[in-house]
Amino acid sequence: MDRTRVVILGAGIVGSACARELALAGCDVLVIDRGGPAAATTSHGEGNILLSDKGPGPELELAKLSRRLWPEVLTDLGGLAVQAEWQPKGGIVVATTRAGADGLRPFAASQRASGVVAEAMDADALRAAEPHVTREHTAAVHYPQDAQVQPAGAAAALLSGALAAGASLRSGREVLGGVVRGGRLTGVRTSHGTLEGDVFLNAAGPWSGELAARLGAPVDIRPRRGEVLVTTPLPPTVFHKVYDADYVGAVGSGAGDLQTSAVVEATLAGSVLLGSSRRRVGFDARTRPEVLSAIAAKALRLFPSLARVPVMRAYGGFRPYVPDHLPVIGPDPRLAGLWHASGHEGAGIGLSVGTARLVRALLDGREPEIDAGPFRVDRPAVLGEDVPAGSTAGEETT
Amino acid sequence: MSAGTGGTGRHVVGRHVVVVGAGPAGLAAADAALAAGARVTLVDSAEQPGGQYHRMLPDAYEAANPDVLQHGYNAFEQRSMRVIGHRRSTWLADTSVWAIERDDPSRAPLVHVLTGGLPRERRTLRPDALVLAPGAHDRVLPFPGWELPGVFTAGAAQALAKGERVAVGDRVVVAGTGPFLLPVAVSLLEAGSRVVEVLEAARAASATRGWLRKPWELAAQAGKTGELASYTAALARERVPYLPGRAVIEARGDGRVEEVVSARVRGDWSVVPGTERVTAADAVCVGHGFTPRLELAVASGCELRGSAPAEVFVEVDGEQRTSAPGVYAAGEVTGIAGAPAARAEGAVAGWFAAGGDPSARTLAPLRRARDQGRAFAERLAHAHPVGREWPGWLRGDTIVCRCEETDYAAVCAAAGDPVSSEARVARLGTRAGLGPCQGRMCGVTVAELRARLGAPDPDPAAPHRRPVAEPIRLAELAAPPAEREG
Ligand SMILES: Cc1cc2nc3c(=O)[nH]c(=O)nc-3n(C[C@H](O)[C@H](O)[C@H](O)COP(=O)(O)OP(=O)(O)OC[C@H]3O[C@@H](n4cnc5c(N)ncnc54)[C@H](O)[C@@H]3O)c2cc1C
Ligand SMILES: Cc1cc2nc3c(=O)[nH]c(=O)nc-3n(C[C@H](O)[C@H](O)[C@H](O)COP(=O)(O)OP(=O)(O)OC[C@H]3O[C@@H](n4cnc5c(N)ncnc54)[C@H](O)[C@@H]3O)c2cc1C
């Protein structure tokens, strides 16, 4: 690639990962953001890097690629990687009902068939691995490949890597509109003047829809609210990432109402993070105590012994989602020069590095490591056309 | 001071006013709201009404001012009884507001409380108007060694001395700024400590310009004359030196405080080289003013005033109304001005929150007292400003966030790196403010340091954003709330 000038619109983890790949590929990369890097969705969620919650399909393939890339990328980042707080601690999915167990077993089998390590655990193994987990469990599966990062730190590490590879960053610049010449996007108008380029990558997270509309090529990417609880620091109590199996059944639900599924994990600092909710409420960030209550109830079902542990903080963000629950990665066939890397919903931290690799290959005109077809821009769900029932992919835990 | 005993507010009977905080401001608000005809729910996490003021006054105050105290105490006692015993009031002691929910942005928010003994019960209050009077907590600036055992916030030392008769040490240095240091020193004496010296960072000149030379002139109407005189007398009796223009810039010791280093400071609190002095002490009590408890106001959507992080308060109008519909604020959340001003503000807030008659004659003196209080607050801030150059005390390895042990070098590094300079990202990276106190201790300080380092947070509310306003146990949170009231 010969000094293609790429302007990345959005400095969340997805834009940061793409900036690094493209700078390493030799592009002339500029990253802009209306705020500061990693300050939006990326620092308002959790940092699970999961295979366990994905059934066979394109998203699992992207997750597998990403999981393989993470250690390589972090090694390559050297000292910068420390801030990512990488912990390949593995995950355990615990079913607490008969129906949960009946869903989990075949789900794990199908994952194994797709190359995921998913080991059934008996009660003794579960107790040994997680002494404080509920005794009322009906099935448990160990996913040793699941890992965790501190998401804002991981994004900062990736962006620092991009800058080290020659990319540049301009914070505090909002994209207001596009400059189109001869059917091609040749510039973006920002709050601080116009920026020219060959390629513009929309990595604006849940605002990608709005940004694409400003550029004249709307995509249907929407926000989905999620909240997380943080406990006071504890002595080691939770050793893996532990989730309940509820999500297995909740396939592609279009419901706007509250859904919660428990994700319980300890951070390096000793706090336990309890996630998370899913609500479709636009960009409404108001606290809803009953949502926090539902998260707490779910978490206690997994870890009843946490009953007296105080929650000291709650936070939340907006997952960027496409109605068919797959990310959007690649060029926009409607407007030359515009690309998208967005819509990763509750998995954008984990999927960021694989996404960046796909973008690099596609921009290079090479065959990517996995089939990027399912993520293409011109699919009905992205273009805002009705999605036929039953065509939706599964939802992730986080 | 009960507004509207004439009962002018009778037409609004049944209006439900929730008052958070039963300190001087909240208690006065409840009293006035009842007088105006409202139904009142008064909430405080403490067991007894009174707030900081009535918990904290040293005994010497009583000894030196039997009449004044008698008068003040009787007024307080009467007001407490009147409020708590009123048939339209509900007093919720041991009850903490843990969340505010703006379910309908056109009206006062829902107030989520935890009440009773452990495990506490969740309840939801639905006010027609909400009065926020949660007060302030004391502020301490970091200095090398301030994390050592034996370093206390002046407020904590005061609470131990007053509440539990526990002396924090045998040889104690009291340092910082503001008239509040005096009652703290007196309480320590009463608890049996030897107070080696009281160091006031403000220089004599600046303090004099403000109020020390003629405190009565400035403070007479605010009711402070007798108090200050009594503290000064108590200190003089025990021959405790009171040294203006000096600050504690380091605490040292092996595992706990053994000595403190103090130095002369200029008006901007930069250290005058060569004036350092080491004093043996086993405890040091420091206070550098107060930080208002703003989380409930922020959660309610109230606009704040002030831009420097340490000078941010709730914005209120002449009727103590905030920018959030149905939400009023009074007392130290609107400015630090002492108990009499807090009381006056509270009464105005309660009256209007209850829908009281705006032309009630009782309002005039209250407003006057409130305005005098505000003027006093202004002077106090002028007399005891926190000098801009205090960060000169810090070294790279000085702890800034005591919960997470984040040091100054880490704060500087994050602020200086364009990749992680945004406040939230820096917080996650340095962990400053993420510990058990949730930045109540260091949040404003970190914001101030970051602004100096060229990474100001454009949002003044950021250090105060705590949607979970009080820690809540998972079991308490998981249980559904008791039936909503009102
Ligand atoms: C509660 C919760 C839990 C989660 N847990 C996990 C998890 O465990 N694992 C996981 O992998 N993922 C998780 N996620 C999802 C993950 O956080 C997101 O998928 C990911 O952060 C998206 O990154 P992004 O870079 O696409 O978006 P963002 O981080 O939002 O970045 C987009 C950037 O674009 C900028 N921008 C927007 N509009 C403009 C404009 N007009 N001009 C200039 N700049 C603009 C924004 O300022 C922002 O910085 C979670 C999300 C939530 C909310
Ligand atoms: C040691 C000391 C000495 C002082 N000496 C003097 C003096 O001599 N003269 C003078 O004028 N002033 C003095 N003051 C200042 C005086 O105490 C304050 O000005 C006054 O108390 C402020 O009143 P307030 O009602 O705003 O807040 P506070 O008195 O602080 O009351 C606030 C109340 O709100 C409650 N609260 C806070 N958050 C919550 C929540 N989330 N849920 C439930 N309840 C909550 C608290 O428990 C507290 O009881 C002194 C202060 C101290 C600490």
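Modeller: Domain bounds here come from an automatic or database domain assignment. On that basis, chain A splits into domain 1 (5-81 + 151-221 + 323-375) and domain 2 (91-144 + 222-321). This is a predicted model, in which local features need pLDDT of at least 70 and side-chain atom pairs count only at pLDDT 80 or more, while totals for chains, interfaces and linings use all residues. Residues are numbered from 1 along each chain as its sequence is written, chains are lettered from A and ligands numbered from 1 in the order in which they are written, and side-chain values use heavy atoms, leaving out hydrogens and water.

Biologist: How many residues of domain 1 of chain A are in contact with domain 2 of chain A?

Modeller: Contact means heavy atoms within 4.5 Å. By that rule, 25 residues of domain 1 of chain A touch 31 residues of domain 2 of chain A. The C-alpha centres of these two domains of chain A are 27 Å apart.

Biologist: What area is buried between domain 1 and domain 2 of chain A?

Modeller: Buried area is the accessible area (1.4 Å probe) that two parts lose on being put together, summed over both. Here it is about 2,300 Å², with carbon and sulfur atoms giving 59%. On the domain 1 side, E46(A), S52(A) and E345(A) supply 28% of the area buried against domain 2 of chain A, more than any other three residues.

Biologist: Why does ligand 1 lie between the domains?

Modeller: Both domain 1 and domain 2 of chain A give residues to the shell around ligand 1, so the ligand lies between them. Of the 38 residues around ligand 1 (a heavy atom within 4 Å), D33(A), T41(A), T42(A), N48(A) and E345(A) come nearest.

Biologist: Which element gives the most to that shell?

Modeller: Helices (H or I, at least four residues) and strands (E, at least two) are DSSP runs, numbered from the N terminus. The strand β17(A) gives the most, with four residues. Elements of chain A that each supply at least two residues include α1 (13-24) and α8 (348-364).

Biologist: Which peptide bond is cis?

Modeller: Most peptide bonds are trans, and most residues other than glycine have a negative phi. The bond from L118(B) to P119(B) is cis, with omega near -15 degrees; P119(B) lies in the loop between β5 (110-115) and β6 (121-125) of chain B. A38(A), although not a glycine, has a positive phi of about 65 degrees.
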